[in-house]
Structures are given as structure tokens and as C-alpha cells.
Amino acid sequence: SEYKVKGTAEFFDKQKVLNRPMSPHLTIYKPQLTSILSISHRVSGVGWGVLIYGGTLLTLMPGGFSHYVQLAEQVAPGAGIMIALKATLLLPLTYHTLNGFRHLAWDTGKGFKIAEVYKSGWSTVAVSVLISLLIAIAL
């Protein structure tokens, strides 16, 4: 048997016959703000890491990073599109940073009541979008 624990194969065979999933999965849960923000925090961290490494690689390319920024500005159809692109690139940084401060506040034992969690969550999202847009406009 592929299972080391006696009776495991029978258990999984029974679950297959009953058409049950292996274990509770994301598909059976209703998405909540808390779970979405948790996943977003992880994804934004990965996204920001990819942007940092990608930007670093661009500095090694012929012409350097600034050459590719100027190239993107020349190709972009207008200032509004460039602001939107810059804000989109900045959003993972601002969200991950602000949500990190939110987590640090939790480390003090504050903000765990459900109303506080939702208020700080929505505030983090709103302020992240606002800061991203403001920085994108200023650049």
C-alpha cells in the first residue's frame, strides 16, 4: 500500500465513493474581507518581490532602467494611462507596507474585534489606493 498508516487506504476509498473532497477547500468557504486581505497581503509581497527583481534585472540590460522607463513613456498612449500603470505598479508596495503596519498593531494585541478588523482592513485598502495614485501623479 502507498499509505504507511493502517486503514488510511480504506478511509480514502470511502471518501471517493461518497464523492467527498479530500479536505475542506477554498471552494466551500464564503470569501470574507479578512481572508481576501490575508491572501492579498501574501500576493502583494510576492508581487513586490517580482517587481524589485525585475527592476534590478532591467538595470543590467543595455541602457539601464531609466532607458526602459523612457521607452514605456514613449509607447504609452497618454498621461492618464501612464498614471494608471504607475499606480498599478505601486499598489503592491503601498498595500503590503500599510498592511504590515496593521499587522504590527495587532502584535500589540489591539484591533482584534471584528468591527475593528473590518474598519482597519477597508482603511488599509482605501489609503493604499490613494497613496499609490498620489505617488503615480507626482512621478
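**A walk through the predicted chain**

Val75 is exposed, because its relative accessible area is 65% (buried means under 20%, exposed over 50%, and partly exposed in between, with a 1.4 Å probe and protein chains only). This residue is found in helix α3, where helices are DSSP runs of H or I with at least four residues, strands are runs of E with at least two, and numbering starts at the N terminus. From Val75 to Gly64 there are 11 residues in sequence and 17 Å in space, C-alpha to C-alpha.

Before going further, a word on what you are looking at. This is a predicted model, in which local features need pLDDT of at least 70, side-chain atom pairs count only at pLDDT 80 or more, and totals for chains, interfaces and linings use all residues. Residues are numbered from 1 along each chain as its sequence is written, and side-chain values use heavy atoms, with hydrogens and water left out.

How confident is the predictor here? The chain has a mean pLDDT of 86, with 92% of its residues at 70 or more; pLDDT is the predictor's confidence in each residue, from 0 to 100. Among the elements of the chain, the lowest mean, 80, belongs to helix α3 (residues 64-75), and the highest, 96, to helix α5 (residues 114-138). Where pLDDT is low, the predicted coordinates should not be read in detail.

Now follow the chain to helix α4 (residues 79-107), whose axis comes within 7 Å of that of α5 and crosses it at roughly 145°. Axes here are lines fitted to C-alpha atoms, for helices over the stretch in contact, and angles run from 0 to 180 degrees between N-to-C directions. The contact of α4 with α5 involves 16 nonpolar, 7 polar and 2 charged residues (Ala, Val, Leu, Ile, Met, Phe, Trp, Tyr, Cys and Pro count as nonpolar, Asp, Glu, Lys and Arg as charged, and the others, Gly among them, as polar).

Two residues of α4 are worth a visit. Lys86 lies in this helix and is buried, because its relative accessible area is 18%. Leaving aside residues up to four places away in sequence, Lys86 touches Glu73, Ala136 and Leu139, contact meaning heavy atoms within 4.5 Å. Ile81 also lies in helix α4, and its relative accessibility of 42% makes it partly exposed.

Finally, Phe11 is partly exposed, with a relative accessible area of 45%.
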